[in-house]
Amino acid sequence: MRYLVILALFTFCHTAYAGVFEVSLTANHRRSEINTTNYQESTSYTGSISYYFLEMSALEISYTNGTSLLKADTGSEVIQYKTDFEMLGADLVFTFAERSSPFQPFIKAGVAQISKKIITVTSTGKNTNKQDPELVPSAGVGFKIKLTKTFSIKVGVDGWLTNMGEDDETTDYAGRAGISWMF
């Protein structure tokens, strides 16, 4: 990640479009319910700042914090699985339209550091399983719809490959919707 930041800083020093920043706030919420004692609910929030070093290319730094709860009533006991997660990411973003375009599709790729903690609560007690922070590859796709010269709606899907090289390798992903400001 250190090399990515150094490369980005070197690139910023030789641009004609330097000085354009974008701040974004996105949220994700989902609830799926069978009944009041059997449901799944997740919520996450992401804040990011992007620096456009070219007309259609940016370096984005983001922070995500979220939680997920699965509650299941087996008839003999109620089991709860709560997952807390945090992520710090750095991505190169490539936009397929000029900044003045009303519709701006984009792709991005980079790295993220993810931390997860799972808390299991049963009738026999509480168990916490904390995963060590992991540096993983990330990628995403999305679009922005400009509402004004500086204000946009931002929608996208991001994914991360976790537990790389292990038997339980997984792809985590999140759909997001939010707002962004250019300045």
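Ring pairs join Phe21, Tyr51 and Phe183 into a cluster. The structure is a predicted model, in which local features need pLDDT of at least 70, side-chain atom pairs count only at pLDDT 80 or more, and totals for chains, interfaces and linings use all residues. Residues are numbered from 1 along each chain as its sequence is written, and side-chain values use heavy atoms, with hydrogens and water left out.

Four aromatic pairs are present in the structure. Rings of Phe, Tyr and Trp (its six-membered ring) count as paired if their centres lie within 6.5 Å; planes under 30 degrees apart are stacked, those over 60 are edge-to-face and the rest are tilted. Phe21 and Tyr51 make an edge-to-face pair. Their centres are 4.7 Å apart, with 70° between the planes. Phe21 belongs to strand β1 (residues 20-35) and Tyr51 to strand β2 (residues 38-54), so the pair ties together parts that are 30 residues apart in sequence. Strands (E, at least two residues) are DSSP runs, numbered from the N terminus. The two partners can also be described by accessibility, where buried means under 20% relative accessible area, exposed means over 50%, and partly exposed lies in between (1.4 Å probe, protein chains only). Phe21 is partly exposed, at 29% relative accessible area. Tyr51 is buried, at 14%.

A tilted pair is formed by Phe151 and Trp181. Phe151 is partly exposed, with a relative accessibility of 24%. Trp181 is partly exposed as well, with 33%.

Charged groups also sit over rings (NZ of Lys or CZ of Arg within 6 Å of the ring centre and within 35 degrees of the ring normal). Arg31 lies over the face of Tyr39, 4.1 Å from the ring centre. Lys154 places its charged end over the ring of Phe106, at 5.6 Å from the centre.

Side chains of opposite charge can pair when their charged atoms come close. Ten salt bridges occur in the structure. Each is a side-chain nitrogen of Lys or Arg within 4 Å of a carboxyl oxygen of Asp or Glu. One of them joins Lys144 to Glu22, at 2.8 Å from N to O. The two residues come from distant parts of the chain: Lys144 lies in strand β7 (residues 134-146) and Glu22 in strand β1, 122 residues apart. Lys144 is buried, with a relative accessible area of 3%. Glu22 is buried too, with a value of 1%.

Arg31, already placed over Tyr39, also takes part in a salt bridge with Glu33. The N to O distance is 2.7 Å. Glu33 is partly exposed at 44% relative accessibility. Arg31 is partly exposed at 41%.

Glu60 and Lys108 meet in a further salt bridge, at 2.7 Å from N to O. Glu60 lies in strand β3 (residues 57-73) and Lys108 in strand β5 (residues 103-122), so this pair ties together parts that are 48 residues apart in sequence. Both residues, Glu60 and Lys108, are buried. They belong to a network of salt bridges that links Glu60, Lys108, Lys154, Asp158 and Arg176. Within that network, Lys154 is also the residue whose charged end sits over Phe106.

How values were computed: Helix = DSSP H or I, 4+ residues; strand = E, 2+ residues; numbered from the N terminus.
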